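Hi,

Here is the structure I promised to pass on. Have a look at it first, and then read my notes below.

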Amino acid sequence: MTASGAVWRNWGRTESVRPNRIERPGDAGAVQRAVIAAAASGRRIKPVGSGHSFSGVAVAPDIQLDLADLTGVIDADAATGRVTLGAGTPLHRLPRLLEPYGLAMPNMGDIDRQTISGATSTGTHGTGVGFGGLATQIVGAQLVTGVGEVLAVSETERPELLPAVRLGLGALGVITELTLQLVPRFVLHAVERTEALDSVLDEWMPRVHAADHFEFYWFPHTSTALTKTNTRLPGDAHRSPLGRTERWLSDEVLANGVYRAMCALGLVAPAATPPLARLVERFTGNRDFSDLSPNVFTTNRSVRFREMEYAIPLEAVPEAFRAVRSLIDQRGWRITFPIEVRAAASDENWLSTAHGRETGYLAVHRYFREDPAEYFAGVEEIMRSFGGRPHWGKMHTQTAATLREVYPRFDDFLAVRDRLDPQRLFANPYLDRVLGSGDAHGGRSEVRAYDGAA
């Protein structure tokens, strides 16, 4: 335990806080003691991962729990593909940790700096209409609730809680370990192409259903899209990875170095953004390569940005995208960052952005030194007109009242929250806004009755 003198900031520099105290528990027992002590003193307590959420979901003004010591493989069964991990395990460590078992995550996002509990709790997803977000891989969890109980949830223990706990925003308890259903490691054959944007939009539905993993990026002020199509191959398939020099030139020099300069120039000279975007368009090349899945799914992002992402019905993507493009033209905005479009399967998790529907995602970004407010507000209005659900870990302005309209199981989630955290130990200003701030009625006895009914 340490008194806090330092300011905590997230990666995107959208949130900062100076916690009153920081604790770094080494096991679930230490987490339990910290939660019980916080409850006894009437203080709020909240875990933090890598700080890669752009929203305030992980902000801990009072007691901040650093779960960096709850990492690594706790249990693994190569035959069943089930692996239990410490909640603070960073995603980028998983390839090495899973290598002895020949396993891999079925799908990943394009950033791997998050912790496994942070990524799943906020709804991180990859792309591929046949694959759910990362939280759908969870088959079991252990968490410390707001009444200080160490609670196990799985397909055989309190299974009715799984749809809430898998993607719980940190509102239900402090997750200490997660059990995932993994798959044998596999190779991805990646094909990246520059194509006419309007053609990609016209062919969106057949293309996204035909591919294992399909996504595209569009730099505003240009007429082409960069499409990325990944095909799954067996783990022993021939690999043709990018060479070290090629990867360094494309992913570091161009994608980060040159792009950082472009963003900086666009900040002081916005009129230069459209011609610079068209220059990038000219030099964006096609490439084919194949490698183990984590090396294809993920990329290094060193240029800081701010992001808002909305989930809408899959079939609405072309119309919504064209509306955003028109808005950019109408307002005369100069946007340096691309719009990213991805997809995911429908799932059953109550607060999943893909709950109950095949989903398309539109993500918009701004350089972290630029004010995103006007751009994000305009895009958000369009997304809400399509029944959009905001990514919990990214910037948005919605509240509990508006979110209830787009999540059929919203009140079911709140009922579980009332029972697992009746005194709102794990709340913070963000959760007060998106879930509501009132304490539950019934308190501790209601939780015990609920737990005992499993």
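To get you started: which glycine in the turn of the β10 and β11 hairpin has a positive phi? Gly 148 does, at about 85°, and the hairpin has five residues between its two strands.

Before I go on, the ground rules. This is a predicted model, in which local features need pLDDT of at least 70 and side-chain atom pairs count only at pLDDT 80 or more, while totals for chains, interfaces and linings use all residues. Residues are numbered from 1 along each chain as its sequence is written, and side-chain values use heavy atoms, with hydrogens and water left out. Helices (H or I, at least four residues) and strands (E, at least two) are DSSP runs numbered from the N terminus, and two strands pair if DSSP finds at least two bridges between them.

**Around β10**

Strand β10 covers residues 138–144, and seven of its seven residues are buried, so the strand is largely enclosed by the rest of the structure. Buried here means under 20% relative accessible area, with exposed over 50% and partly exposed in between (1.4 Å probe, protein chains only). β10 runs antiparallel to β11 (residues 150–154), with five bridges joining them, and Leu 143 has Leu 151 of β11 as its bridge partner. β10 also pairs with β12 (residues 174–181), again in the antiparallel sense, over six bridges. In that pairing Gly 140 stands opposite Thr 179.

Thr 179, in β12, is worth a click. Its relative accessible area is 18%, which makes Thr 179 buried. The side chain of Thr 179 makes a polar contact with the side chain of Thr 84, at 2.7 Å. For that term, a polar contact is a pair of N or O atoms within 3.5 Å; within protein, one must be able to donate a hydrogen and the other to accept it, and residues adjacent in sequence count only if both atoms are side-chain atoms.

**A second hairpin**

Strands β7 (residues 73–77) and β8 (residues 82–86) run antiparallel and are joined by four bridges. Val 73 sits opposite Leu 85 of β8. This hairpin has four residues between the strands, and Gly 81 takes a positive phi near 80°.

**The eight-stranded sheet**

An open sheet of eight strands runs in the order β17-β14-β16-β15-β19-β20-β18-β21, with antiparallel pairing. β17 and β21 (389–390) are at the edges with a single partner strand each, so one side of each has no neighbour in the sheet. Within the sheet, β18 and β20 (residues 359–367) pair over nine bridges, and Glu 307 stands opposite His 365 in β20.

**Helix α10**

α10 (residues 317–331) has 15 residues and reaches 21 Å from first C-alpha to last, close to the 21 Å expected at 1.5 Å a residue (the expected span is 1.5 Å times one less than the number of residues). Its buried residues include Val 317, Phe 321, Val 324 and Ile 328. Just after the helix, Gly 332 has a positive phi of about 70°.

**Cavities and a pocket**

The whole structure holds three cavities of 30 Å³ or more. On a 1 Å grid over the protein atoms alone, a cavity is a set of points where a 1.4 Å probe fits but cannot get out, a pocket is an open set with protein on both sides within 12 Å along at least five of seven lines, and lining residues have an atom within 4 Å of a point. Grid points are joined across faces, edges and corners, and a volume is the space filled by probe spheres set on the points.

The largest cavity has about 210 Å³ of space. It is lined by 25 residues, with Glu 215, Lys 228, Asn 230, Val 296 and Phe 297 closest to its centre. Elements that give two or more residues to this lining include β14 (186–196), β16 (224–234) and α7 (244–268). The lining splits into eight nonpolar, eight polar and nine charged residues. In this scheme Ala, Val, Leu, Ile, Met, Phe, Trp, Tyr, Cys and Pro are nonpolar, Asp, Glu, Lys and Arg are charged, and the others, Gly among them, are polar.

The second largest cavity has about 70 Å³. Of its 15 lining residues, Gly 123, Gly 133, Leu 167, Asp 347 and Ser 352 are closest to the centre.

Finally, the second largest pocket has about 650 Å³ of space. Its lining takes its largest share, four residues, from α3.

Cheers
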